[in-house]
Amino acid sequence: MTLHPIPPGTRDVLPEERRELRRLEAALLDVFAARGYGEVATPTIEYDEVLAGERAVRSPYRFFDESGELLALRSDMTVPIARLVAARFGAVEPPHRLCYVASAYRAVRPQRGQMREFAQAGVELIGTPGDEGTVEVIEVLEAALAAAGLDRAVIGLGDADLYRQLLTEFGLEGEARDAVLGRLAAHDLVGLEMALSSQEGIDGDAVATCVALSQLRGGREVLEEARGLGGEAVERATARLQQTYDELDRRGAAERVQIDLGLLRDIGYYSGAILEVYDPAVGYVLGGGGRYDGLMKRFGLDLSAAGFALHLERVHLAQLEEESPRGRGS
């Protein structure tokens, strides 16, 4: 019998696992619906110009159709849903609460076990500004993690603008700044120090400040530690985080949340609050999200927005680890 391989970064799913994933999807959709989020679907393929806008993740999978139009597989659901809202809800009074379960596609390094095709479940809250929107999204995320049985999962809360503005204070712009941001997003401290030290005009104090900030995570106390490092960018970011965290605490929703000043998402459209989800039973990020207040302007609507996405296969693996004796004892 001839065996035909599948592309690296993809996989077959057998009946028992598919049943388990269906149950997980249903549990998450029930949570979203109970919070007023309506399920939508968008095409797997979009025009490349829609997906390739400023600060979006450009799809690595692009091709021409029969008319010569350049198409692409979506890299996430945030951009397609932003397009959908502008096209179909432009005359509808916001906020718009939408949710989805869908596949997305990314370039990968298969030797690291990354998936180029993966399923996501998430929400987008469009038209609710500031802390009100951020806190609502975190509350929905907490309910989703509870429904999945991930009692020990932690939500990291950071600020997307902190390092962009801090590096600008240091005099870094353009490709030099992007290179440093890439090291931060990868949590590569050795590479971060090297990238900063190699830049003309960046002294040892600036390098030490950036490295020290990236190591700060915990409760309110880390905000005071950060302020002690000085700088206007740090002051602005910690003030924003303080306000969000205080509102979460007031609403009884801060228990799972850890302030993480080393957090930096690798998707460029985020602004302000950003999120990542971790579980001690596994060694990888289960999902993430944050605010993307400027993205809707690309599609003709000036609306604030926030959301999150969970990687379903990773959440499923975390469930299995949580249920195992090893997972419970770790």
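Let's start at Leu150, which is found in the loop between H4 and strand E7 (154–159). Those labels come from DSSP runs, numbered from the N terminus: helices are H or I runs of at least four residues, strands are E runs of at least two. Before going on, a word on the model: it is predicted, so to speak of local features pLDDT has to be at least 70, side-chain atom pairs count only at pLDDT 80 or more, and totals for chains, interfaces and linings use all residues. Residues are numbered from 1 along each chain as its sequence is written, and side-chain values use heavy atoms, with hydrogens and water left out.

Is Leu150 buried or exposed? Leu150 is buried, because its relative accessible area is 0%. Here buried means under 20% relative accessible area, exposed means over 50%, and partly exposed is in between, using a 1.4 Å probe and protein chains only. Leaving aside neighbours within four places in sequence, Leu150 is in contact with Leu145, Arg256, Asp279, Leu286, Val315, Ala318, Gln319 and Glu322. Contact means heavy atoms within 4.5 Å. Pro8, on the other hand, is 142 residues from Leu150 in sequence and 29 Å from Leu150 in space, C-alpha to C-alpha.

One of those contacts, Gln319, is worth a stop. Gln319 has its place in helix H11 (residues 312–323), and it counts as buried because its relative accessibility is 15%. What does the side chain of Gln319 reach? It comes to 2.8 Å from the backbone oxygen of Ala148. That is a polar contact, a pair of N or O atoms within 3.5 Å; within protein, one must be able to donate a hydrogen and the other to accept it, and residues adjacent in sequence count only if both atoms are side-chain atoms. Apart from neighbours within four places in sequence, Gln319 is in contact with Leu24, Ala148 and Leu150.

Now for the sheets. An open sheet of nine strands runs in the order E1-E5-E6-E12-E11-E10-E7-E9-E8, with mixed pairing. Strand E1 (38–39) and E8 stand at its edges, each with a single partner strand, so one side of each has no neighbour in the sheet. Two strands pair if DSSP finds at least two bridges between them. Strand E6 (residues 117–126) and strand E12 (residues 305–311) pair in the antiparallel sense over seven bridges, and Ile126 has Ala305 in E12 as its bridge partner. E7 and E9 run parallel, joined by three bridges, with Gly156 opposite Gln258 in E9. E8 and E9 run antiparallel with two bridges, and there Gly218 has Ile259 in E9 as its bridge partner.

Helices lie across this sheet. H4 lies across strand E5 (96–105), E6, E7, strand E9 (257–260), strand E10 (273–278), strand E11 (287–291) and E12, running at about 20° to E12. H10 lies across E7 and E9, at about 145° to E7. For these angles, axes are lines fitted to C-alpha atoms, for helices over the stretch in contact, and angles run from 0 to 180 degrees between N-to-C directions.

H4 turns up again in the largest nonpolar core. Which of its 67 residues touch the most other members? They are Phe32 and Leu196. Helix H4 (residues 130–147) supplies the largest share of this core, eight residues. A nonpolar core is a set of buried Ala, Val, Leu, Ile, Met, Phe, Trp, Tyr and Cys residues joined through side-chain atoms within 4.5 Å. Beyond four places in sequence, the contacts of Phe32 include Tyr37, Cys99, Tyr100, Val140 and Phe308. Apart from this core lies another, of 29 residues, among them Leu84, Ala102, Tyr292 and Leu301.

There is also an open sheet of three strands, in the order E2-E4-E3, with antiparallel pairing. Strand E2 (45–47) and strand E3 (62–64) stand at the edges, each with a single partner strand, so one side of each lacks a neighbour in the sheet. Neighbouring strands here are turned by 35° against each other on average, direction ignored. E2 pairs with strand E4 (residues 70–73) over three bridges, and Ile45 stands opposite Leu73 in E4.

Last comes a detail of the backbone. Most peptide bonds are trans. Pro94 and Pro95, however, are joined by a cis peptide bond, with omega about 10°. Pro95 is found in the loop between helix H3 (78–88) and E5.
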